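Dear colleague,

Here is the structure that I promised to hand over to you.

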Amino acid sequence: MTYHFGRGRSRWLPYLLLLPGIVAYFVVALGPSLATTLFSFTDASGLPGAPVNWVGLANYNEFLFLGQAARDNLDAVGRTLIFMFFVTTIQFALGLLVAVILNQKLRGRNFFRTLYFMPVILGAVIQGLIWSLFLYPLGGPLAKFLEIFGARSEFLGGPPTEAFAWVIVVQIWANMGTTMIIFLAGLQTISEEYYEAARIDGANNWQVFRNVTWPLLTPSVNTNLLLNVIGSLQAWQLFLILLGYRNGTQVLGYLIYAVGFGQTSGSVTSSFRQGYAAAASIVLFLMVLVIGLAVQYFLRRREMRLMG
Amino acid sequence: MSATSTSYTPMNRQVPWSKIASYAFLLLLAVVYLGPILMLVNTSLKTTPSFMRDATSVASELNFENFAEAWEKANFPRYLLNSAIYTVSATAIYVVTAVFVAFPISRGYVKYSGLVLTLYVIALFLPPALIPQFQLILRLGLYNNPIGYILLFIVNPIGIVILVNYIKTVPKELDEAAALDGCGYFRFVWSVVLPLVRPALATVVVLHAIGIWNEIILPTIYLTNKDYYPITRGLIVFQGVYGSDWPVLAAAVLMLTFPMVILFLFLQRYIVSGLTAGSVKG
Amino acid sequence: MRKTALGTFVALLLLSVALVQPVAAQTTLRVLVHQNPPMVEFMDTFNQQFQENHPDIVVDMSVVNANDLSTVTQTRLSANDIDVIDMFGFANAVQPYMKNVDPPNWQQLADAGLLMDLTDQPFVANYDAATIADAGTYNGKVYEINLGRVVYSGIFYNQDLFTANNVTVPTTWSELVTACETFTAAGIPCMTAGGKDGWPIFVGAYGLIGALYPDQAALVEGLWTGTITWNDERALDMWSKMQVYARDMIESGASGIAGDAAPGRFASGAVAMFPGGSWYAPAIESAEPEFEWGYIPFPGSDDAEDNQYLFGKYDQGWAIAANTPNAEAALTYLADFSEPENYQAFVNAVGFIPTQETAQLDTHLGAEVAPYLANFRVGYEQYWVAPRGVGQYANPWASYFQPFGTFDDPQTLADTVQADLQSGLDAAGS
């Protein structure tokens with residue numbers, strides 16, 4: 001790309017101005033993460049003055065292969081994937097549908113857009129508190145609604161599968177707004193002319209969507225898929241607030257937090273084990289990386305096919 | 001209502017079924033979105049015994065004392081100020097540095113732009129690094145120091161990715177024209193690019209600010225002096241006896257949310273209007 | 001507009017710098033405690049008084065969630081930003097027969113040399129010798145003074161509801177079952193518990209374990225050595241009863257009640273019983289001072305003889321950071337705290353069973369537990385350390401049963417629990 005803003009010394013200006021951001025990135029984000037990688041090969045407790053020994057792959061071996069605990073960890077990995085699958089597909093589809101509807105000239109559309117985006121503003125803690133309240137089993141709104149049909153439920157305190165399903169619901173509720181906004185942005189870059197041309201060819205609504213909207217929406221589709229996949233794989237705060245550390249509901253992100261903060265329930269005691277916690281977080285990192293890159297690769301190929 | 005329909009709604013036949021279906025769907029979804037929030041508001045206006053008796057009934061008593069109590073207990077005025085300081089400074093530093101990272105990468109004005117972007121994309125996946133990060137801040141002598149705390153929030157890869165993509169919609173011809181007019185690089189980015197990417201900027205600002213404002217764990221670890229607590233740290237008094245006191249907790253949470261909602265409403269014309277590319281479609 | 005934003009930012013930054021005002025040349029004693037409202041309230045008063053008596057010392061006490069206490073202790077020790085440390089459960093020492101275990105937090109702290117040796121401090125003598133030995137001594141040195149014991153295997157009961165429904169206080173398991181059936185038939189939920197926090201459900205049934213395994217240190221050793229299993233006949237009896245407890249006795253909706261809302265619900269008179277720890281007593285009293293309640297051991301056995309024990313644990317304790325620059329102030333702080341009258345005030349505030357011989361728990365709870373105090377025993381939770389590799393179900397917890405968990409059959413659960421435990425024991429090669 002040709003640079004127009006001068007030569008010689010002033011050619012360095014973009015680099016100079018770029019520097020603070022990059023330095024911050026290396027120091028605050030990348031550096032500590034690399035240190036975590038090193039940590040994962042040690043028995044570091046994280047306490048000052050405690051000896052730190054190189055233990056090779058022992059932490060990974062324990063996390064992935066030692067006894068029933070390892071099988072429970074792998075269950076959590078499986079659950080993380082299930083969580084990702086449901087959250088990504090539903091949030092993606094719902095966000096797209098809502099965006100398409102709200103891209104029409106409807107009365108009150110700004111109200112709806114604002115409303116659906118509102119949970120994003122609240123942050124995970126408040127999202128979680130709001131839903132704990134909404135799902136309050138002793139006479140909360142949903143409990144009352146079920147009562148009409150003579151049904152009852154413990155909701156978040158009930159069997160793990162049901163509790164887990166509720167977290168999926170809340171996660172989608174909380175983040176659908178972002179998906180919607182990104183789709184809306186994409187929809188607005190599609191020129192009216194394409195729609196008119198399709199109409200003149202006698203296309204119906206579905207055909208217009210299938211042949212005009214969908215292919216031209218590719219950039220937003222890619223952004224959303226990637227964000228949804230990464231976001232759902234790393235999610236843990238809602239699990240903490242809605243469920244706490246409960247058997248049969250943990251996902252990997254929460255597991256790491258719990259190990260790091262000494263809050264696992266397999267044992268009644270807690271220990272400082274930062275090396276082990278680091279190994280668990282590297283496992284999550286690799287998983288997110290592989291899935292994320294696979295999604296990227298798949299999307300690139302699709303984009304090339306569509307765009308020629 | 002059908003008078004407002006445009007080319008993208010179905011042809012105007014007798015009954016606008018598609019429009020009716022749209023509204024039905026939007027309203028149904030609105031119930032799911034409003035319901036929990038209304039429950040929070042309703043709870044915040046109830047007395048505790050009334051909540052214990054019937055959690056869902058309408059708060060006819062309009063008990064505003066919950067707000068006063070929460071305000072008092074959580075030391076709101078002082079901690080709100082701290083939260084504002086952290087959120088505003090970190091967001092400002094972040095947004096300014098981010099623009100100067102995103103613009104040259106997006107344009108390819110620096111070598112290895114692709115590589116730098118890849119680094120930021122990888123950053124999306126990076127594992128949490130609680131202890132190493134703590135050691136870093138400690139060694140820098142910035143532990144229990146507002147500056148050190150702010151430092152934790154000056155990196156956010158998602159914002160960079162959003163900005164890089166958005167800047168691509170700003171026509172490259174503008175650069176050349178501006179340069180011909182004698183406009184320097186800094187001034188160009190600051191006074192030409194910045195206003196043009198306002199919608200993306202607004203989104204990045206809101207997303208980043210929300211993260212800082214609502215952070216609960218980092219203040220517990222990095223700020224041990226009470227004078228530095230942000231409001232989320234002050235909310236700890238509601239754990240314990242007050243954790244179960246839903247009405248007061250609900251009031252506190254509403255007050256905590258209020259400034260972010262204001263910020264959002266202020267920026268929402270950029271955000272919910274869909275980050276529109278507007279006149280600078282790429 | 002952008003200029004205003006920048007201006008505001010600079011102004012705020014300056015303001016934040018202005019807020020950093022170092023305190024004058026005094027000793028600032030840094031104390032970390034976990035959030036427990038009655039205790040925090042007491043500590044505020046105590047700190048005030050302490051500062052008046054020692055004008056050269058300023059106490060800076062910070063409060064964190066109990067969940068974050070160990071992490072914050074760790075980071076603050078790293079930063080040498082702590083003098084007086086609040087510790088939980090100075091028990092669970094790793095026993096010789098345990099292999100492949102992670103030592104508990106306090107043991108790691110002592111091993112890393114982060115705790116001050118308090119052995120020769122005169123105030124240690126204020127506490128009873130057994131407590132210092134059981135919950136304070138490690139490798140022959142005293143590292144902690146423990147501030148009190150709590151009982152967690154009892155049931156609070158509503159005297160009015162018992163009288164009104166002609167129910168006598170149960171002393172055996174079958175009487176308890178009958179009592180619950182009577183209340184349920186009368187439309188009164190039998191028991192409540194703070195299920196939202198998870199643990200109150202299973203802690204509520206700890207009395208069941210106690211009634212069946214009166215010697216819990218032997219229980220833990222038996223589990224480790226394989227002479228006791230969680231799916232033998234006695235354990236099956238326990239699991240069947242736990243199922244009845246989880247399914248029939250606890251009211252539906254209990255999973256939504258926060259741990260500290262449960263005393264309020266019980267005090268409101270809505271439920272007949274509330275299985276839980278003695279630490280709830282102050283909350284029950286402050287919620288409804290006129291309310292008449294009693295506290296009995298959970299009758300887990302059909303032989304009333306087995307049901308006379310109360311099980312519990314050592315609660316909070318104080319330790320001092322070994323590297324503190326304020327050692328003198330920290331020691332003075334603990335010495336003042338350990339003064340019998342201050343300690344008595346502390347016990348009155350938090351309702352602990354005292355660990356100083358001269359102190360008394362003068363509350364209603366104190367009177368209720370007095371007959372059983374001779375039979376106080378430290379419970380399973382204080383002895384158990386799990387080997388690495390145990391599964392998530394390797395504990396005797398009633399919350400595994402529906403509606404709180406997935407299990408519906410005692411035998412299946414018993415086998416799962418034993419398998420999860422065995423897996424860790426096998427990995428430890430013992």
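What pattern does chain B follow when it is read along the sequence? Chain B follows the pattern α-α-α-α-α-α-α-α-α-α-α-α-α-α, and its secondary structure comes to 14 helices and 0 strands, where helices (H or I, at least four residues) and strands (E, at least two) are DSSP runs numbered from the N terminus.

Before going further, please note that this is a predicted model, in which local features need pLDDT of at least 70 and side-chain atom pairs count only at pLDDT 80 or more, while totals for chains, interfaces and linings use all residues. Residues are numbered from 1 along each chain as its sequence is written, and chains are lettered from A and ligands numbered from 1 in the order in which they are written.

Chain B

Of the 282 residues of chain B, 48% count as buried, a word used here for a residue with 20 or more other C-beta atoms within 10 Å of its own, whereas 12 or fewer makes a residue exposed and anything in between partly exposed, with the C-beta atoms placed from the backbone. Two residues are in contact if their C-beta atoms, again placed from the backbone, lie within 7 Å, and among the contacts in chain B with a separation of 6 or more, 74% come from residues 24 or more positions apart.

Helix H4 of chain B (residues 76–107) has 32 residues and should span 46 Å at 1.5 Å a residue, which agrees with the 45 Å between its end C-alpha atoms; the expected span is 1.5 Å times one less than the number of residues. Because 24 of its 32 residues are buried, H4(B) is largely enclosed by the rest of the structure. After H4(B) comes Gly108(B), whose phi is positive, near 75°.

Met260(B) has its place in helix H14 of chain B (residues 246–271). Is Met260(B) buried or exposed? Met260(B) is buried, because 21 other C-beta atoms lie within 10 Å. If residues up to four places away in sequence are not counted, Met260(B) touches Ile121(A), Ile210(B) and Trp213(B).

Where the chains meet

The contact between chains A and B takes 76 residues from chain A and 75 residues from chain B. Several helices of chain A each supply at least two residues of the side that touches chain B, among them H3 (67–102), H4 (109–134) and H6 (160–188), but H1(A) gives the most, with 19 residues. This side of chain A divides into 50 nonpolar, 19 polar and 7 charged residues, where Ala, Val, Leu, Ile, Met, Phe, Trp, Tyr, Cys and Pro count as nonpolar, Asp, Glu, Lys and Arg as charged, and the others, Gly among them, as polar.

Chain C also meets chain A, with 48 residues of chain C in contact with 38 residues of chain A. The elements that give two or more residues to this side of chain C are helices H3 (69–78), H4 (105–111) and H17 (410–428) of chain C, and its residues divide into 16 nonpolar, 24 polar and 8 charged.

The domains of chain C

Chain C is divided into domain 1 (27–150 + 313–378) and domain 2 (154–308 + 387–428), with bounds that come from an automatic or database domain assignment. Their C-alpha centres lie 29 Å apart, and 19 residues of domain 1 are in contact with 18 residues of domain 2. On the side of domain 1 that touches domain 2, H16(C) gives the most, with 5 residues.

With best wishes
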